[in-house]
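Keep the structure open while you read.

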Amino acid sequence: MKVVRISKRHADPVARLRKAIETGHFLPGQRLPELELAEWLGVNRVNVKLALGKLDQEGLVEVERNKGARVRIISQQEAVEILQTFASLETLIVRNAAAKASAADGERLKGILAAIQQAQAEEAYVEYSQQINKLHAEIRRIAAHATATRIVATLNAQIARFRLQTILFPGRIKQSIQELKEIVDAICAADGVRAGKAMLEHLNNMGKALEQNLTQIDA
């Protein structure tokens, strides 16, 4: 099994494993032996088993009886369904954020957008993806739509995986940054309709890139 070094500040074994899967350190279909994970995480096998069970519930890991755990492989159809669900909820959320955002909120969003652009310029693709996650999280905070945010939380790990799969798709980063800028501009202008349309376009384009990427992998 590929050994990956992740900062010790991620003390929670569930969080550390989730991050390793989201960032592609553990690949789809890769086996996750409990003994090796216990050594890597610095915890006992009981904690590993509990962590794998939690990630199984989140759809990131598949635990098979008498075979152990592996990183779950997502079919193209399921990926499309997850993105469709996520897009519907995020569109609702961003419309609410546009109606509630203060000037200070707008400045925070612009700051995150600047960090996204900086990560792209430095070709720091994991950081780029993490900053996009941060932007979406800030939009949810502003929107304060508890139900939608709670449901989105169950999809976030899969979305992070999808985003990393599409980052290097030709032209996607440049297009994505323009889409994110349109979202932030619409929120700052308190234009919910425009913000919702921009978010839907952003996630639909991400879905198209993912679909093409998965098709190439399957070919």
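## What lines the cavity

Sort the lining of the largest cavity by class and you get 5 nonpolar, 3 polar and 2 charged residues. Here Ala, Val, Leu, Ile, Met, Phe, Trp, Tyr, Cys and Pro count as nonpolar, Asp, Glu, Lys and Arg as charged, and the others, Gly among them, as polar. The residues in question are Tyr128, Ile132, Arg163, Thr166, Ile167, Arg172, Ile173, Ser176, His202 and Met206. Elements that give two or more residues to this lining are H6, helix H8 (156–166), helix H9 (172–188) and helix H10 (192–218). H9 gives the most, with 3 residues.

How much space lies in the largest cavity? About 80 Å³, and the count of cavities of 30 Å³ or more comes to 1. A cavity is a set of points, on a 1 Å grid over the protein atoms alone, where a 1.4 Å probe fits but cannot get out; lining residues have an atom within 4 Å of a point. Grid points are joined across faces, edges and corners, and the volume is the space filled by probe spheres set on the points.

## Where the model comes from

This is a predicted model, so local features need pLDDT of at least 70 and side-chain atom pairs count only at pLDDT 80 or more, while totals for chains, interfaces and linings use all residues. Residues are numbered from 1 along each chain as its sequence is written, and side-chain values use heavy atoms, with hydrogens and water left out.

Arg172 lies in helix H9 and, at 5% relative accessibility, counts as buried. For these labels, buried means under 20% relative accessible area, exposed over 50%, and partly exposed in between (1.4 Å probe, protein chains only). Leaving aside residues up to four places away in sequence, Arg172 touches Thr166, Ile167, Glu179, His202, Asn205, Met206 and Ala209. A contact means heavy atoms within 4.5 Å.

Helix H8 is largely enclosed by the rest of the structure, because 8 of its 11 residues are buried. Those are Ala157, Gln158, Ile159, Ala160, Arg161, Phe162, Arg163 and Thr166.

## Two loop residues with positive phi

Most residues other than glycine have a negative phi. Glu123 has a positive one, near 55°, and sits in the loop between helix H5 (103–121) and helix H6 (125–143). Glu123 counts as exposed, at 55% relative accessibility.

Ala144 also has a positive phi, near 55°. You'll find Ala144 in the loop between H6 and helix H7 (146–153), and at 54% relative accessibility it counts as exposed.

## The chain as a whole

The chain has 10 helices and 2 strands, running α-α-α-β-β-α-α-α-α-α-α-α from the N terminus. Helices (H or I, at least four residues) and strands (E, at least two) are DSSP runs, numbered from the N terminus. Of contacts between residues at least 6 apart in sequence, 73% join residues at least 24 apart.

Key. 1 Å grid on protein atoms, 1.4 Å probe; cavity = no way out; pocket = protein on both sides within 12 Å on 5 of 7 lines; lining within 4 Å.
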